[in-house]
Amino acid sequence: MKRHRPCGSAVHDFSRRAFLSRTTLGSVGMAAGLGDIITSRTAIAEQVQAKNKRVLNIFLHGGVSQLETWDPKPNTDTGGPFRAIPTSVPGIHICELLPFTAKQMHRLSIVRSLDTNNGDHARGVVEMTTGHRRMPGADFPHLGAVTARCLMPKTFSLPGHVLIRSSPGGRNVESEFHSAAYLGPRFSSMAIYDGNPPKFEDRPGEITDEADVRRNAFRERVNERFSRRRRTAETEAYNFSFDQARELLANRHVFEISREPAGDQERYGTSQFGKHCLLARRLLENGVPYVQVNHADYDTHHENFDFHIEQLGEFDQPFATLVADLADRGLLADTLICVMSEFGRTPQINKTYGRDHWGTAWSVVLGGSSIQPGAVIGKTNANGTAVTDRAVDHGHIFHTILQAVGVDSTGEFEIAGRTFPVADPSRGAIAELLT
Amino acid sequence: MTANASVDPQQTKLLQEYKLDRPLTACHWDPRSRFIFCGAEDFLVHRIDPAGGQRISLAAHDSWIRAFGSSSDGETLYSGGYDGRLIYWPTSAEKPEPARIIEAHQGWIRAIAVSPDGRSVATCGNDRLVKVWDADSGTLVRELPGHASHVYNLIYSLDSRWLFSCDLKGVVNAWAIDSERPRTLVTVEQLHGYDTTFRADIGGARSIALRGDGGQLALGGITKVSNAFAGVGEIIVALVNPADGKLDLTLQSKDKTTGTTWGLAWHPDGFWLGLSGGSGGGWLYFWKGDTAEEFFRLQLKNDGRGMSLSPDGKQVALAHADNHLRTYSLV
């Protein structure tokens, strides 16, 4: 097998060794146990897992402007040049940069009252995806890890937590892999880059089927003997990852969007984000519990309006197509959709037509699963400088996402004799948004 | 057209300040010197009487106003907005109401050019189109597809027989008035960059002008962009021969000022004026055009966003981000 190389196209190589190093061994030291070492006092478990609930999180990196998306304020001192357009829900208007999404609004809801009191990229990414205020020394599991832990069937042959993103080279405000923290490396993310399937590596030709069976039997025997004397989370995770890597090789087709009909590929378009959305659909159809698609970049301190035309022009149609497809294929009832960012952008427009970092009054979109469709939660004032009704933060969003897919977010994980809350106990779900 | 003038750039000084309610986006001097028109971060056209300072605000756009033009007699103002509308206004009316409202483009109008013979008005915008309108009736004369990205600016040749347009990627097209197919004159690569970190294009001609003899086309913008989303790049003016597309020279600032060239004009005394805005601040530049660096520059009170030379060439009006329209005397 090839060795994993840290840069260039070889990052797409998907060898068993690379998989193990990324998802398991790379996280040794922070992991708790697995399998029967982890138990949970929550109502998570089998009845939830059996429902095949899923989460799709679209993360707009850099901080998308709420005024150019979900909470337009046209013809105000902060509103910018864009107009608000009607959507498929009477009375709800969004920015004219999202004409395709506007037609799917009856399947989505907007939370317009986020006050996360933060303007730092890295902190925003952590807080929005863990639901916890970032604290020195504390490592909370990513939403994807919690989702995978709670929703992934025990016999599932694919990763439970997949991150689809551009190849490294852009800004590094997000770690390349999402941490599962105390949930264990089994629930860390597997990253897929640039719309391409991972480069799976077949067994070298000189190793025959018979030899392969023999070497695996030997490995399992040695592992078993080792486990009898010294069973740890790491050995459990190692075994799991090795088995999963083998299963992935058998299921490689799941990652190949080239297998989708040409018409579908055309509908999603040729942009990288379009390909990523089509891949997300494919993964969700195959039951992957958590899929995150990143789209970058929205950090528009300069010429915010030009760049939002460019970036949202890429986002709008593929995202709307994905929402419509999930609905048409009967998946939306079991798939929670979220569109989030690390924060919003300042209502004030700076001297170079930019907007800066702003966590005081901004928006997130939720839809699908048990989210009430076509709703608007919360309100900002006339020019968007303050929340005037139903202020919420990352903690509320985290609870709401989990409860929308049937997870009791007020419960706890019990790991190696310690308990960890599933979500920030000082917050709760946005109850009025749940059906 | 600007009359002959005799000015001394070194004597440039602030003449008047007019405060509006919002940051300005554009300005335009009426060819008969009666008014200065402004766009701002509101949805209004502001008509200012530079003599007395009176202001009238005209409402008919549904977004910010980005571009202006005037009929040759000065009796009609053309305004183009981010709403895609081209609006004809009777300039002299006490309280002008739109004479025509044309839904001209899907998306922003970024520039307006009026043909020197006064017969046509051309517009360009984010729908990647150049459109030509009858200056009197407002009827669409021609629709010119041919750009692959947003069209940022355009200008007529002095004989009104050619139209030059430049898009986001720095592609300059030349359109003969009797042909619907463009000739790509040149791609000014210095006027465009793709920021691989932020994964976005930045560039385009943010300003445009023609030398007095029509023999050089000036395109202003931003170059050497190292951070698109923070606007870290240097001002640039590319001087192109409109006959063959040859890049004659690129003008810059001596100290590599960061920002964008938002305004350009050829002065009848034989030099280029440029206006910058951006992280390097607002500056008024004076270039002779035969060397890359300016022979004089003046620091402004605030970032520039738009510029218009007075008809007599003795003043320049500047639209600023700090809610002010300022006029400077060049004498």
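Visitor: How many residues of chain B are in contact with chain A?

Guide: Two residues are in contact if their C-beta atoms, placed from the backbone, lie within 7 Å. Here 23 residues of chain B are in contact with 22 residues of chain A. The chain B side has nine nonpolar, seven polar and seven charged residues. Ala, Val, Leu, Ile, Met, Phe, Trp, Tyr, Cys and Pro count as nonpolar, Asp, Glu, Lys and Arg as charged, and the others, Gly among them, as polar.

Guide: A word on the source. This is a predicted model, in which local features need pLDDT of at least 70 and side-chain atom pairs count only at pLDDT 80 or more, while totals for chains, interfaces and linings use all residues. Residues are numbered from 1 along each chain as its sequence is written, and chains are lettered from A in the order in which they are written.

Visitor: What is the average pLDDT of chain A?

Guide: pLDDT is the predictor's confidence in each residue, from 0 to 100. Chain A averages 86, and 84% of its residues score at least 70. Over residues 1-44 of chain A, pLDDT stays under 50. Where pLDDT is low, the predicted coordinates should not be read in detail.

Visitor: Is M105(A) buried or exposed?

Guide: A residue is buried if 20 or more other C-beta atoms lie within 10 Å of its own, exposed if 12 or fewer, and partly exposed in between. M105(A) has 26 such neighbours, so M105(A) counts as buried. Its place is in the loop between α3 (99-102) and β6 (108-114) of chain A. Its contacts beyond four places in sequence include T87(A), I92(A) and G374(A).

Visitor: How many residues of helix α5 of chain A are buried?

Guide: Helices (H or I, at least four residues) and strands (E, at least two) are DSSP runs, numbered from the N terminus. In α5 (residues 143-151) of chain A, nine of nine residues are buried. Among them are L143(A), R149(A) and L151(A).

Visitor: What is the order of strands in the open sheet of chain B?

Guide: Two strands pair if DSSP finds at least two bridges between them. The order is β1-β30-β29-β28, with antiparallel pairing. β1 (13-19) and β28 (304-309) of chain B each have a single partner strand, so one side of each is left without a neighbour in the sheet. β28(B) pairs with β29(B) over five bridges. S308(B) stands opposite A317(B) in β29(B).
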